[in-house]
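Keep the picture in view as you read.

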Amino acid sequence: MAPEPEPGPRAEDLSGARILLTGASAGIGAALAPLLAGRGATLALCGRDPGKLDAVAARCRELGAEVTTHAVDLADPAAAEELARSVERAGGGLDVIVNNAGAPMRRRVPGLTVDELRRTMATNFESPARMTMAVLPGMLARDRGVVVNVSSFGGRAAIPAEAAYCASKFALCGWSESLAMDLWHSGVRVHLVVPGAIATDIWDRPGNDPAHFSGELEPPGTVAGAIVALVDGTDGRFEVYVPDLSSIAEFKTAAIEDFLAGAVAFADAAEAEAGGAGTGGTG
Ligand SMILES: NC(=O)c1ccc[n+]([C@@H]2O[C@H](COP(=O)([O-])OP(=O)(O)OC[C@H]3O[C@@H](n4cnc5c(N)ncnc54)[C@H](OP(=O)(O)O)[C@@H]3O)[C@@H](O)[C@H]2O)c1
């Protein structure tokens with residue numbers, strides 16, 4: 001007789017799960033929201049552009065989800081924290097927070113302004129950290145919850161001409177590692193998502209130097225699918241690279257001088273090909 005198949009990981013039921021998703025108006029977040037809606041989650045969607053948020057919300061409602069939209073600029077961490085508190089209050093608690101919103105900053109440090117540095121750190125690090133801190137007491141009181149932080153490959157291995165962006169994403173990685181340790185004995189799970197180059201608007205956002213990277217881009221749905229698996233518990237890993245560029249991060253740790261020299265050579269070649277000077281890197 002054939003052996004019984006091993007039971008696979010069981011997906012947690014997401015129907016009625018109260019989920020706060022930032023960066024829902026475009027890219028990865030806009031791909032993720034309908035996937036969560038289709039699983040029956042109740043969604044609070046955050047972005048800046050109310051029109052784009054409404055369009056994503058309409059798709060989610062067609063799938064039967066209860067949805068609220070929140071147009072908030074996460075470059076203001078106090079407003080971000082207040083948003084998290086009010087969503088939690090209005091929903092009678094929060095089961096999942098997906099800190100996905102993020103803004104690029106492709107600028108070499110000699111041309112970077114203090115305001116660009118401040119906005120990038122606020123949007124990509126301080127706001128997700130403060131939003132998590134705002135909802136954590138409720139999750140810990142119920143001994144249940146999921147925190148998903150979307151960092152970047154640039155948060156594990158730096159990219160030329162993106163010091164502010166990489167600093168903000170490194171900060172989010174370090175924060176997530178330590179947070180996972182602090183919550184280890186609780187029922188609150190922490191996950192870190194490390195996207196590589198994904199086909200979204202991030203490459204064309206105004207106020208950035210042109211990108212160096214011109215290779216193939218992964219569809220945003222691939223990252224969105226990976227996040228669903230973390231939220232529903234079918235993927236229990238702390239950290240997920242999409243695509244899997246972990247070997248490059250490992251190479252960087254093992255051979256930092258070679259990594260720096262290789263990254264500079266890559267940036268120089270991209271700039272020579274573009275015929276310009278002093279431009280930027282990847283998303
Ligand atoms: N695409 C990539 O290659 C790549 C690679 C590594 C990591 N990531 C990370 O993946 C996450 C999602 O990015 P994406 O690729 O989907 O980019 P995207 O298409 O540009 O979307 C970014 C999302 O974040 C929101 N957002 C940006 N700044 C905000 C602010 N100050 N306040 C509120 N919302 C803000 C945007 O809202 P509005 O459109 O309404 O302004 C949008 O919904 C980001 O954290 C990004 O750093 C992306």
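## An exposed spot on a helix

Glu62 is exposed, because 11 other C-beta atoms lie within 10 Å of its own. The cut-offs are these: a residue with 20 or more such neighbours is buried, one with 12 or fewer is exposed, and anything in between is partly exposed, with C-beta atoms placed from the backbone. The model you see is predicted, so local features need pLDDT of at least 70 and side-chain atom pairs count only at pLDDT 80 or more, while totals for chains, interfaces and linings use all residues. Residues are numbered from 1 along each chain as its sequence is written.

Glu62 sits in helix H2. Helices (H or I, at least four residues) and strands (E, at least two) are DSSP runs, numbered from the N terminus. From Glu62 to Thr253 there are 191 residues in sequence and 46 Å in space, C-alpha to C-alpha.

## The nonpolar core

Which residues have the most contacts inside the largest nonpolar core? They are Leu21, Ala33, Leu43, Leu45 and Ile227, in a core of 67 residues. A nonpolar core is a set of buried Ala, Val, Leu, Ile, Met, Phe, Trp, Tyr and Cys residues joined through C-beta atoms within 7 Å.

Leaving aside residues up to four places away in sequence, Leu21 touches Gly29, Leu32, Ala33, Leu43, Leu45, Cys46, Val98 and Asn100. Two residues are in contact if their C-beta atoms, placed from the backbone, lie within 7 Å.

## Helix H1 and its two partners

Helix H1 (residues 27-38) packs against helix H2 (residues 50-62) at an angle of about 20°, with the axes 8 Å apart. That makes H1 roughly parallel to H2. Axes are lines fitted to C-alpha atoms, for helices over the stretch in contact, and angles run from 0 to 180 degrees between N-to-C directions. Angles under 35 degrees count as roughly parallel, over 145 as roughly antiparallel, 65 to 115 as roughly perpendicular, and the rest as oblique. On the H1 side, the contact is made by Ala30, Ala33, Pro34 and Ala37, and on the H2 side by Val56, Arg59 and Cys60.

H1 also meets helix H6 (residues 220-231): their axes come within 8 Å and cross at roughly 50°. That makes H1 oblique to H6. Among the H1 residues in this contact are Ala31, Leu32 and Leu35, while the H6 residues include Val223, Ala224 and Ile227.

## Helices H3 and H4

The axes of helix H3 (residues 77-91) and helix H4 (residues 114-142) come within 8 Å, crossing at roughly 30°. H3 and H4 are therefore roughly parallel to each other. Residues meeting here include Ala80, Glu81 and Arg85 in H3, and Glu126, Arg130 and Ala134 in H4.

Asp143 has a phi near 55°, a positive value in a residue other than glycine. Asp143 belongs to the loop between H4 and strand S5 (145-150), and is exposed because it has 9 C-beta neighbours inside 10 Å. Ala161 is not a glycine either, yet its phi is positive at about 70°. Ala161 lies in the loop between S5 and helix H5 (163-182). Is Ala161 buried or exposed? Ala161 is buried, because 28 other C-beta atoms lie within 10 Å.

Finally, look at the peptide bond from Val242 to Pro243, which is cis with omega near -5°. Pro243 is in the loop between strand S7 (239-242) and helix H7 (246-254).
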